[in-house]
Amino acid sequence: MPPPPTPIMRVARYCLTVVTAAVLASPLHAQSEMPGMGMSGGWRMVPMDPNMIMLPGLTGVVPVVGAFLPAAGINPANFPEAEPSQVVEMIDGDTLDIEVSIVRRILNGHEMVMFGYNRQYPGPLIRAPKDATLVVRVRNEIELPTTIHWHGVRLDNEFDGVPGVTQEAIQRGESFVYEVHVPDAGMFWYHPHAREDVQQDLGLFGNLLVTSPNPSYYGPAHREEILVLDDILMDEQGVLPWGESAPTHALMGRFGNVMMVNGETNHQLSAKQGEVVRFFLTNVANSRTFNVTFGGAQVKLIASDVGRFEREAWVESVVIAPAERYVVDVRFEEPGTTLIANSIQAINHFRGEFYPHVDTLSIVTVSTETAAPGISDSFYSLRVHDEIAAELEPYRPHFNREPDYELEATVRVQDLPTPIVLAMEADTLFFPPMEWNDAMPVMNWLSTGDQVTWILKDRDTGAENNDIDWNFKVGDLVKIRIFNSPDSFHPMNHPIHIHGQRFLVTSMDGAENQNLSWKDTAIVPVGSSMDLLVEMSNPGEWMLHCHIAEHLHAGMMFSFTVQEQ
Ligand code: C2O
Ligand code: CU
């Protein structure tokens with residue numbers, strides 16, 4: 001659930017006046033207010049919610065990096081039209097060819113040039129049985145070097161898709177063959193590990209559903225639906241350009257203003273009365289954490305990234321950070337329309353005010369026809385998986401021990417436009433534990449990866465990001481505490497992802513987690529401390545990073561080594 005609204009900070013407006021006065025005196029203001037001055041370098045002003053205040057002094061200012069749009073200057077008619085995702089059933093040893101190429105799409109009424117895996121949005125949905133090894137031959141036909149990372153899959157290190165760590169990036173016209181071994185059942189996903197802020201945003205993502213040999217791995221449901229949640233930043237002319245040599249939006253990540261499910265802006269479903277639908281949720285947005293609600297329907301939480309929860313549980317909503325997955329069973333009781341929505345407490349940083357905000361993600365039309373067979377008995381009982389509790393037994397002695405490593409998340413900035421620095425230093429901005437929306441779109445847009453460095457700092461050694469040097473052995477159980485410092489230039493929540501291993505979130509702010517599931521990504525709100533117990537089961541050199549694409553490309557990453565026993 002979103003954090004409760006916080007009382008309005010009364011000082012905010014007064015202090016904004018002070019900032020305004022300071023900014024008016026700055027030379028930047030005079031220059032940018034010159035009549036007739038347009039945007040330079042292919043940039044357009046980012047769209048803003050009318051609730052937001054335009055920070056004076058930033059009119060006409062553009063990011064310090066060049067603007068990037070794919071296949072710029074080429075008539076979109078030259079590219080094939082993208083198609084909806086198709087299911088690819090694979091078994092052990094099967095081969096799939098994936099071409100990464102430029103596609104044409106109409107999105108929100110605009111003709112767009114985007115990227116696609118096999119020209120599909122999302123990329124092909126791969127279904128494969130647990131323990132299979134799949135061969136995926138990837139050919140790159142886009143202008144940017146790319147790779148595929150198999151998010152959450154404990155596969156062989158050489159196929160992890162991290163350029164400069166496990167492979168060289170695949171240049172245009174080149175290929176790479178991945179062998180994807182899938183030892184865990186659950187919903188996974190694949191995406192590039194090169195300029196994700198651009199490539200993923202432009203459509204490069206797909207799901208990999210690994211099925212369990214256990215027929216009652218999940219409880220009964222009438223059917224399954226995939227919901228890939230995303231957003232994209234557009235204005236009346238179409239999509240806003242990305243930063244060419246470094247990401248824009250490095251402070252808060254690039255929030256979109258158009259919501260998408262499975263790559264569509266008008267996702268719809270129909271259901272029968274009493275139908276139980278199993279939803280597989282994946283968040284592929286650059287930065288947005290969704291709080292997904294299902295109208296009045298009852299929602300049962302079943303599983304997350306790398307497996308099921310110890311106990312099924314009723315939830316009012318599903319908070320899903322970038323790269324996380326959740327599996328929920330939802331029963332549509334009432335005929336009529338049920339909205340699947342992102343229901344948040346938006347914030348205005350300057351006014352220190354929260355206001356409720358709802359974006360529809362999908363419209364479910366429930367008919368009066370009754371779903372058969374009736375499975376309400378099984379739906380209304382919550383399963384308890386004793387076998388998971390038993391499997392976790394050997395890990396429990398580690399739940400309350402002191403951490404082996406402590407990481408602190410913080411940020412450093414250099415050479416940002418003066419009005420932004422003044423606004424931040426005025427100390428009147430309120431930073432919530434979770435940023436559910438981009439409450440300062442212009443400042444965020446103008447802060448590039450060249451000016452912002454997001455930091456993971458080892459508290460023992462003081463080493464930061466790539467200077468961190470951790471070495472483990474297969475079989476090690478490593479306790480990592482991640483503290484998200486609220487005392488920085490601009491604190492922000494961070495979805496932390498670890499490659500190639502699985503972990504348990506054992507506690508948050510000292511409170512023990514009462515219902516565990518194996519995870520590969522977990523979000524740490526501002527001011528919080530999150531304890532992870534990481535099982536080092538897979539040898540190789542693996543990344544640990546923030547999954548906000550712009551934070552990753554603003555430095556917030558390092559790799560660690562796990563040696564064979
Ligand atoms: Cu899904 Cu290193 O990322
Ligand atoms: Cu981050």
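Predicted model: local features only at pLDDT ≥ 70, side-chain atom pairs only at ≥ 80, totals over all residues.
1. The copper ion (ligand 2) has His 494 (ND1), Cys 546 (SG) and His 551 (ND1) as its protein donors, at 2.0 to 2.1 Å. Along the chain, the spacing of these donor residues reads H-x51-C-x4-H. Cys 546 is buried as well, with a relative accessible area of 0%.

2. How many residues does the largest nonpolar core have? There are 118, and Trp 150, Val 180, Leu 208 and Leu 544 have the most contacts inside it. Strand E4, covering residues 95-107, gives the most to this core, with six residues. As background, nonpolar side chains in soluble globular proteins tend to be buried together.

3. Leu 208 deserves a look of its own. Setting aside residues up to four places away in sequence, Leu 208 touches Ile 126, Leu 134, Trp 150, Val 153, Val 180 and Val 182, along with Gly 186, Met 187, Phe 188 and Trp 189. Two of these partners, Trp 150 and Val 180, are also listed with Leu 208 among the residues with the most contacts in the largest core.

4. Then there is Asp 201, in the loop that links helix H3 (196-199) to strand E12 (206-211). Is Asp 201 buried or exposed? Asp 201 counts as buried, since its relative accessibility is 2%. Beyond four places in sequence, its contacts are Met 114, Glu 196, Asp 230, Asp 231, Ile 232, Trp 242, Arg 254 and Asn 286. The C-alpha atoms of Asp 201 and Ala 549 are 9.3 Å apart, although 348 residues separate the two along the chain.

5. Ser 447 is another loop residue, placed between helix H7 (441-446) and strand E28 (452-458). With 0% relative accessibility, Ser 447 counts as buried. Apart from neighbours within four places in sequence, Ser 447 is in contact with Pro 247, Thr 248, His 249, Ala 250, Leu 251, Leu 416 and Val 452.

6. Finally, the surface. Trp 314, Tyr 380 and Leu 382 form a nonpolar patch there, and together they have about 250 Å² of accessible area. Trp 314 sits in strand E22 (residues 307-315) and is partly exposed, at 32% relative accessible area.

Technical notes
Residues numbered from 1 in each chain as written. Chains lettered and ligands numbered in written order. Heavy atoms only, no water. Core = buried A, V, L, I, M, F, W, Y, C linked by side-chain atoms within 4.5 Å. Buried < 20%, exposed > 50% of the residue type's maximum accessible area, 1.4 Å probe, protein only. Helix = DSSP H or I, 4+ residues; strand = E, 2+ residues; numbered from the N terminus. Contact = heavy atoms within 4.5 Å. Patch = residues over 30% accessible without salt bridge, like charges linked within 9 Å, V, L, I, M, F, W, Y side chains within 5 Å. Areas by Shrake-Rupley, 256 points an atom, 1.4 Å probe, with all protein chains shown as cover. Salt bridge = Lys/Arg side-chain N within 4 Å of Asp/Glu carboxyl O. Donors = N, O, S within 2.8 Å, 3.2 Å for Na, K, Ca; no water.
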